[in-house]
Number of protein chains: 2
Amino acid sequence: MEKKIITISREFGSGGRTIGHQVAEALNIPFYDKELVDQVALESGFAPNFVEEHGEHAPSSSLFAYAFAHHGAPGVMNGMSTADFLWNVQCNVILQLAEKGPCVIVGRNADYILKDRPDCLHAFIHANTEARAERIVRLYGNSEKSPQARLAEKDKRRKMNYQHYTGQTWGNAKNYDICLDTSVLGIETCTEILVKLMRGE
Amino acid sequence: MEKKIITISREFGSGGRTIGHQVAEALNIPFYDKELVDQVALESGFAPNFVEEHGEHAPSSSLFAYAFAHHGAPGVMNGMSTADFLWNVQCNVILQLAEKGPCVIVGRNADYILKDRPDCLHAFIHANTEARAERIVRLYGNSEKSPQARLAEKDKRRKMNYQHYTGQTWGNAKNYDICLDTSVLGIETCTEILVKLMRGE
């Protein structure tokens, strides 16, 4: 079946977001990442930077603290925890975006949320630690923590969030139609492969 | 770096062996699968069909029984269990084949055995259960067990063997440079992608 939508799940620092952007440009279709976050934020009433921080992370006590401070309730909205509420809003936004037409969606467990749509191609982008560490320092600069520690922390949080909300294992090849290692294949080649698949070439 | 060797790990019934054959033909390089098994058998003194049966399976009591019956020792050769002896022979054969020049190697945990060679591309081929069940019935016919049960059994044994000898998780995308789902992408497209990568196109 012809694919109209591509979801790109990615390890932090793998270049997955860049690939998503390049694929969207090549196919001339919308790219959803921060834009998606903003929309989720608007619908949920959360601040955009709060959604960006917590949208791919497992439920934590800070979510409850935030909800208490900003919503005047102890982490519960419509009977749901803040984290579950946020997850529900994200699901709805992603399902709506997919209904609107062809697009690229990066992250936010969109592979799982759209798993029942046969017009979606699901890609997972990863890379070895060395390449990812080099990339995050180049793009985001150094911080107090070592790049390896930053990667490990982000990996752990994405993994926990994915496991929690999908019941599946993060990075298992079987969750995706195609998985690519940018540290071996290069970002440009990965983009080309995905563009060709989307074009049905 | 230019890739000369491609290892193809695959789920039973995914079409990975067919893809390996097609890639080898397109690149005009040797294809090792049963040929490899035969060579292992020759070196180890095991019968070819015994190696084929046990070469990708976790150690089991039947190995010890076989060794006892055919080698006159209770499952021990050079101080190793039969399973470990077989694994060592397979490792050596695969390392030697890789030294000989460009080739395609299907299965036998070759991805792990050749992980330190930068001239190897490591692919994992999978497919959904429905497509695999249809394929094994079409290729191998029906048996007393349901195709789903045959797949589950083979998956479990490959997974255990891989875990036992590599310490890694079978099917984890990070063990491979590229993972492809033939039930979504089609066998021909998967072959084309791998041939192009090998040609550096």
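**From values to words**

Modeller: Gladly! Let us begin with Arg108(B), which is buried, with 24 other C-beta atoms within 10 Å. Please keep in mind that this is a predicted model.

Colleague: What makes Arg108(B) count as buried?

Modeller: The cut-off is 20 or more other C-beta atoms within 10 Å. Arg108(B) has 24, so the word buried applies. Asn109(B) passes the test too, because 25 other C-beta atoms lie within 10 Å.

Colleague: Where in chain B is Arg108(B)?

Modeller: Arg108(B) sits in the loop between strand E5 (103–106) and helix H6 (110–113) of chain B. Asn109(B) is found in that loop between E5 and H6 of chain B as well. The backbone deserves a look here: phi of Arg108(B) is near 60°, a positive value in a residue other than glycine. Asn109(B) is not a glycine either, and its phi is positive at about 55°.

Colleague: How do you know that both faces of strand E5 (residues 103–106) of chain A are covered?

Modeller: We look at the residues on each side. Cys103(A) and Ile105(A) on one side are buried, and so are Val104(A) and Val106(A) on the other. For chain A as a whole, 45% of its 201 residues count as buried.

Colleague: Which strands make up the sheet, and in what order?

Modeller: There are 10 strands in an open sheet, in the order E2(A)-E5(A)-E1(A)-E6(A)-E7(A)-E7(B)-E6(B)-E1(B)-E5(B)-E2(B), with mixed pairing. Strand E2 (31–32) of chain A and strand E2 (31–32) of chain B stand at the edges, because each has a single partner strand and one side without a neighbour in the sheet.

Colleague: What makes E2(A) and E5(A) a pair?

Modeller: Pairing asks for at least two bridges. E2(A) and E5(A) are joined by two, and they run parallel. One link to find on your screen is Tyr32(A), whose bridge partner in E5(A) is Ile105(A). Next, E1(A) and E5(A) pair over four bridges in the parallel sense, and there Thr7(A) has Ile105(A) as its bridge partner. Strand E1 (residues 5–10) of chain A is also joined to E6(A), by six bridges in a parallel run. In that pair, Ile5(A) stands opposite Cys120(A). Helix H10(A) packs on the sheet, touching E1, E6 and E7 of chain A, and its direction makes about 170° with that of E6(A).

Colleague: What joins E7(A) to strand E7 (residues 178–181) of chain B?

Modeller: Three bridges do, and these two strands run antiparallel.

Colleague: How many residues of chain A are in contact with chain B?

Modeller: The contact takes in 15 residues of chain A and 15 residues of chain B. On the side of chain A that touches chain B, two or more residues come from each of strand E6 (120–126), strand E7 (178–181), helix H9 (182–185) and helix H10 (187–199) of chain A. E7(A) gives the most, with four residues. By class, that side has nine nonpolar, three polar and three charged residues.

Colleague: Why are the two copies said to be related as by a two-fold rotation axis?

Modeller: Chain A can be laid on chain B by a turn of 180° and a shift of 0.0 Å along the axis, with an RMSD of 0.0 Å. The copies are thus related as by a two-fold rotation axis. The same surface serves both, as 100% of the contact residues of chain A recur in chain B.

Key: Residues are numbered from 1 along each chain as its sequence is written. Chains are lettered from A and ligands numbered from 1 in the order in which they are written. This is a predicted model: local features need pLDDT of at least 70, side-chain atom pairs count only at pLDDT 80 or more; totals for chains, interfaces and linings use all residues. Copies are superposed by least squares on the C-alpha atoms of residues with pLDDT of at least 70 in both. Two residues are in contact if their C-beta atoms, placed from the backbone, lie within 7 Å. Ala, Val, Leu, Ile, Met, Phe, Trp, Tyr, Cys and Pro count as nonpolar, Asp, Glu, Lys and Arg as charged, and the others, Gly among them, as polar. A residue is buried if 20 or more other C-beta atoms lie within 10 Å of its own, exposed if 12 or fewer, and partly exposed in between; C-beta atoms are placed from the backbone. Axes are lines fitted to C-alpha atoms, for helices over the stretch in contact, and angles run from 0 to 180 degrees between N-to-C directions.
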